[in-house]
Amino acid sequence: MRCILGLATAGLVILSGTAAADAQPARYEPGPSEARSTVDPPPWPPRPVPLPRPLPPRPNPEPPVPDPSWIRPTPPRPLPFPPRPIPLPPRPQPLPPRPPVAVPPWGPTIDGPYPKRLTLTVSRMGRTRTVRLACAPMYGMHPRGPEACALLSRVQGNPAYLRLPWMACPRHYDPVTVSATGTWNGRFVQYRRTFSNQCEVRAATGAIFSF
């Protein structure tokens, strides 16, 4: 009895499987012309293809010429302080005119009975020589008395107003100080001057201080 039940059950199972297979739709089978891919697709998405980068623009070898119509001139910058005016140097004052030859400030005088006596002094390199000279009548220790009296008579006894012809002298410095003190025709005479060398003394006073 058990064997019969087992066989019946197996027959039912076989029949139910056959009926389910008949009930399923038929599977699509590709034709011979359709090729089936043998490679399975990758499980990750495909990478995006990078786009080509645009090339940078080429530099222009010639710069554009600016239009001068819109260029504005640059105004000058103001100075931090106003410019100061440059002071002009003072004009030199003209020297007073020298008196003419043989005309002292007091004017020409006429020789008279008044004495004409002078004390002449020459100082050079610490040495001083003194000579007294008198004219009309002439006496004294001056070695060139007549020439000295003739020159002093032209300027009334004051060597400052004596003008002699020009004479060239060297420019070396050897100072000489000369002086003349006394009276001439009743007027007091006092003269003192320092020259660069003995040559300038002779050029300015002639034989008056040549002793």
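Reader: Where does P137 lie?
Author: In this predicted model, P137 is in the loop between strand 2 and strand 3, the latter covering residues 139–140. The peptide bond that joins A136 and P137 is cis, with omega at about -5°.

Reader: And what is phi of A136?
Author: Near 55°, a positive value in a residue other than glycine. A136 lies in the loop between strand 2 and strand 3.

Reader: Is A136 buried or exposed?
Author: A136 is exposed, at a relative accessible area of 59%.

Reader: What about phi just after helix 2?
Author: Q156 has a positive phi of about 55° there. Q156 sits in the loop between helix 2 and strand 4.

Reader: Buried or exposed, that Q156?
Author: Buried, because its relative accessibility is 7% and the cut-off for buried is under 20%. In space, the C-alpha of Q156 is 7.9 Å from the C-alpha of N185, while the two are 29 residues apart in sequence.

Reader: Back up a bit. How many helices and strands are there?
Author: Three helices and five strands. Along the sequence they follow the pattern α-β-β-β-α-β-β-α.

Reader: How much of the chain is buried?
Author: Buried residues are 22% of the 211 residues. As for contacts with a separation of 6 or more, 58% of them come from residues 24 or more positions apart.

Reader: Now helix 2. Which of its residues are buried?
Author: G145, A148, C149, L151 and L152. Seen down the axis of helix 2, these buried residues fall within an arc of 165°, so they line one face of the helix.

Reader: What covers the buried residues of helix 2?
Author: The cover includes strand 1, strand 2 (127–134), strand 4 and helix 3 (198–205).

Reader: Switching to charges. How many salt bridges does the structure hold?
Author: Two. One of them is R124 with D174, where the closest N and O atoms are 2.7 Å apart. That pair links distant parts of the chain, as R124 is in strand 1 (residues 116–124) and D174 is in the loop between helix 2 (145–154) and strand 4 (176–184), 50 residues apart.

Reader: Are those two ends buried or exposed?
Author: R124 is partly exposed, at a relative accessible area of 34%. D174 counts as buried, at 15% relative accessibility.

Reader: And what does R144 pair with?
Author: R144 forms a salt bridge with E147, and the closest N and O atoms are 2.5 Å apart. R144 counts as partly exposed at 34% relative accessibility, and E147 is partly exposed as well, with a relative accessible area of 42%.

Reader: Why would such side chains pair up in the first place?
Author: Side chains of opposite charge can pair when their charged atoms come close.

Reader: What does Q198 touch?
Author: Leaving out residues up to four places away in sequence, Q198 touches R124, D174, V176 and F209.

Reader: Where is Q198 placed, and is it buried or exposed?
Author: Q198 is in helix 3. Q198 counts as buried, with 17% relative accessibility.

Reader: Last topic, pockets. How much space lies in the largest pocket?
Author: About 390 Å³. Its lining has 19 residues, of which R193, F195, E200, A203 and A204 lie nearest the centre.

Reader: Which element gives the most to that lining?
Author: Helix 3, with four residues. Strand 5 (187–195) and helix 3 each supply at least two residues of the lining.

Reader: How does the lining split by class?
Author: There are 13 nonpolar residues, one polar and five charged.

Technical notes
Residues are numbered from 1 along each chain as its sequence is written. This is a predicted model: local features need pLDDT of at least 70, side-chain atom pairs count only at pLDDT 80 or more; totals for chains, interfaces and linings use all residues. Side-chain values use heavy atoms; hydrogens and water are left out. A salt bridge is a side-chain nitrogen of Lys or Arg within 4 Å of a carboxyl oxygen of Asp or Glu. Buried means under 20% relative accessible area, exposed over 50%, partly exposed in between (1.4 Å probe, protein chains only). The arc is that of the directions from the helix axis to the C-beta atoms. Contact means heavy atoms within 4.5 Å. On a 1 Å grid over the protein atoms alone, a cavity is a set of points where a 1.4 Å probe fits but cannot get out, and a pocket is an open set with protein on both sides within 12 Å along at least five of seven lines; lining residues have an atom within 4 Å of a point. Grid points are joined across faces, edges and corners, and a volume is the space filled by probe spheres set on the points. Ala, Val, Leu, Ile, Met, Phe, Trp, Tyr, Cys and Pro count as nonpolar, Asp, Glu, Lys and Arg as charged, and the others, Gly among them, as polar.
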